[in-house]
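This report covers domains, ligand shell, helix packing and backbone details. Look over the sequence and the structure before reading on.

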Amino acid sequence: MECYDVAVVGAGPAGAMAARTAARAGASTVVLEEHRSVGFPVQCAGLLGVKALEEADLPSGSWRMGSLRGATVHSPGGCLLSFKARSVRAWTVDRRLFDRAMALEAVRAGAELWLRASVRSRRFDGQSLLELGDGRTVRATVVISAEGVKARTARLAGIAPPEIMLSGAQVEVPFSIQDREMVEVHLGAGGARGLFGWVIPCGDGSARVGLCARENACRHLRKFLASPSISRRMKGSPLNLNLGGLPLGPPRSTVAPGILAVGDAAGQVKPTSGGGVYPGLVCARIAGEVAAAAAVERDCSESRLSEYEERWRLAIGRELSLGMRLNRALCSMTDGDMDELVNHLASREDLIHSIEVLGDIDRPSVLAARLIPRLGAGGLRMAGILGRAFLK
Ligand SMILES: Cc1cc2nc3c(=O)[nH]c(=O)nc-3n(C[C@H](O)[C@H](O)[C@H](O)COP(=O)(O)OP(=O)(O)OC[C@H]3O[C@@H](n4cnc5c(N)ncnc54)[C@H](O)[C@@H]3O)c2cc1C
């Protein structure tokens, strides 16, 4: 049986960052990945803000596909709001290559990576004994569950699931794009509530077209693809279909004796955009540091590991809880409300300027705090709906 200070379950971006950090801190570290290659299957639109890439801290590589500076927001009734910043605000990435680059950094830092290593169960007797699907066992002082939405090991340890599980669906399809530096956000896409629909240019004449919904994203996606604003720009059949869950709202505790949960496993996803890579990386870095220190001290008690809980909540907890309120406000809006909001914002040069200057998909609360009080008389009802959600 192999023994490690830290065992990370899952080689997604959160797992790779946690392992890289723990290994750099001197902990013997193993990453257990159930698939036979890292980064597959892709369950992501691959849009990462500049802060996410700073946090990933990777050498440049072919995972970076194209830069983005702005967005056009489409309301259900066809009102449009466009804004474009002077500088690059986000990147489209090839998630398969991005995850591979993240895993490479973890291995370079000294972590071992085991492929086809599916963790089936965990027993805890002061240390964790992980049993793999093929009968192998791994002993570790601290386990980091970075398993994504299923998070079997975390749930078995009593770490609760996230508050809400959205369903996401996306196709890559040949598409007519006007501006390769702009994404499209479609509110109420395909009649769905939960988040929004998107069109993300891939830079090669295709686009990623998808949406997230409270339930049955595939059914809503079919409707979205058939809508006139999308169907007339599709230039052929979809090349692939990408499905996945999106966990919103972290559980009350992300720590249990001998184990902590990061990334999707802990519901660390931005409720305003569905982006999980940035918050996952921020929290995984903290998880790696705490796990390595706890392992060196041979103290994997829940109270020792709760340092992770305190630090990640300090770093992004407020952003995630404000995001949940904004998400609920968006879900409570009728199509008419969304038309009214987009129409009002589009008529206000000052607000568009603020969005261009302050817009940050990784920290949307900064912009929301600035915009909501300034919606003014014309947007009074909207200010009420959003403000109530924001200030509650
Ligand atoms: C349709 C869709 C679009 C999205 N678009 C974006 C976007 O544009 N930008 C963004 O930031 N986020 C996006 N997300 C969210 C993002 O993909 C996730 O938040 C992110 O991948 C979470 O990273 P993670 O490392 O926590 O988990 P994952 O990336 O899910 O990695 C978990 C890993 O654990 C492995 N694993 C699971 N169970 C076990 C086990 N028992 N044993 C061993 N290995 C195991 C899995 O194989 C996987 O490799 C999107 C999600 C969906 C569904």
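## Terms and model

A crossing of two helices is left-handed if the near helix is turned anticlockwise from the far one by less than a right angle, and right-handed if clockwise. The term is needed for the helix pairs below. The model is predicted.

## Domains

The domain assignment gives domain 1 (2-44 + 95-161 + 251-317), domain 2 (61-92 + 164-247) and domain 3 (327-391). The C-alpha centres of domain 1 and domain 3 are 36 Å apart.

Domain 1 and domain 3 do touch. Five residues of domain 1 are in contact with four residues of domain 3. On the domain 1 side of this contact, two residues are nonpolar, three are polar and none is charged.

## Ligand shell

The ligand is surrounded by 41 residues. Gly10, Gly12, Gly148, Gly263 and Gly276 are the closest. Several elements each give two or more residues to the shell: α1 (13-24), β3 (47-49), α4 (152-156), β12 (164-174), β16 (240-248) and α7 (277-296).

By class, the shell has 16 nonpolar, 19 polar and six charged residues. Domain 1 and domain 2 each supply at least three residues to the shell.

## Helix packing: α1 with α3

Two packed helices are described by the angle between their axes and the distance between the axes. α1 packs on helix α3 (residues 95-108) at about 15°, and the axes are 8 Å apart. Angles under 35 degrees count as roughly parallel, so α1 is roughly parallel to α3. Their crossing is left-handed.

From α1, the contact uses Pro13, Ala16, Met17, Ala19, Arg20 and Ala23. From α3 come Asp99, Met102, Ala103, Glu105 and Ala106. The contact has eight nonpolar residues, no polar ones and three charged ones.

## Helix packing: α7 with α8

α7 and helix α8 (residues 302-332) pack at about 165°, with 8 Å between their axes. An angle over 145 counts as roughly antiparallel, so α7 is roughly antiparallel to α8. The crossing of α7 past α8 is right-handed.

α7 contributes Pro279, Val282, Cys283, Ile286, Ala287, Val290 and Ala294 to the contact. α8 contributes Arg304, Leu305, Glu307, Tyr308, Arg311, Trp312, Ala315, Ile316 and Leu320. In this contact 13 residues are nonpolar, none is polar and three are charged.

## Helix packing: α10 with α11

The axes of helix α10 (residues 349-358) and helix α11 (residues 364-371) come within 10 Å and cross at roughly 160°. The two helices are therefore roughly antiparallel to each other. α10 passes α11 in a right-handed crossing.

Leu351, Ser354, Ile355 and Leu358 of α10 meet Val366, Leu367, Arg370 and Leu371 of α11. The residues of this contact divide into six nonpolar, one polar and one charged.

## Backbone details

Which peptide bond is cis, with omega near -5°? The bond from Phe40 to Pro41. Pro41 sits in the loop between β2 (29-32) and β3.

Arg116 is not a glycine, yet Arg116 has a positive phi of about 50°. Arg116 lies in the loop between β8 (112-114) and β9 (119-124).

How values were computed:
Residues numbered from 1 in each chain as written. Predicted model: local features only at pLDDT ≥ 70, side-chain atom pairs only at ≥ 80, totals over all residues. Near = placed C-beta within 6 Å. Helix = DSSP H or I, 4+ residues; strand = E, 2+ residues; numbered from the N terminus. Nonpolar A, V, L, I, M, F, W, Y, C, P; charged D, E, K, R; others polar. Domains from an automatic or database assignment. Contact = placed C-beta atoms within 7 Å. Axes fitted to C-alpha atoms, helices over the stretch in contact; angles between N-to-C directions. Parallel < 35°, antiparallel > 145°, perpendicular 65-115°, else oblique.
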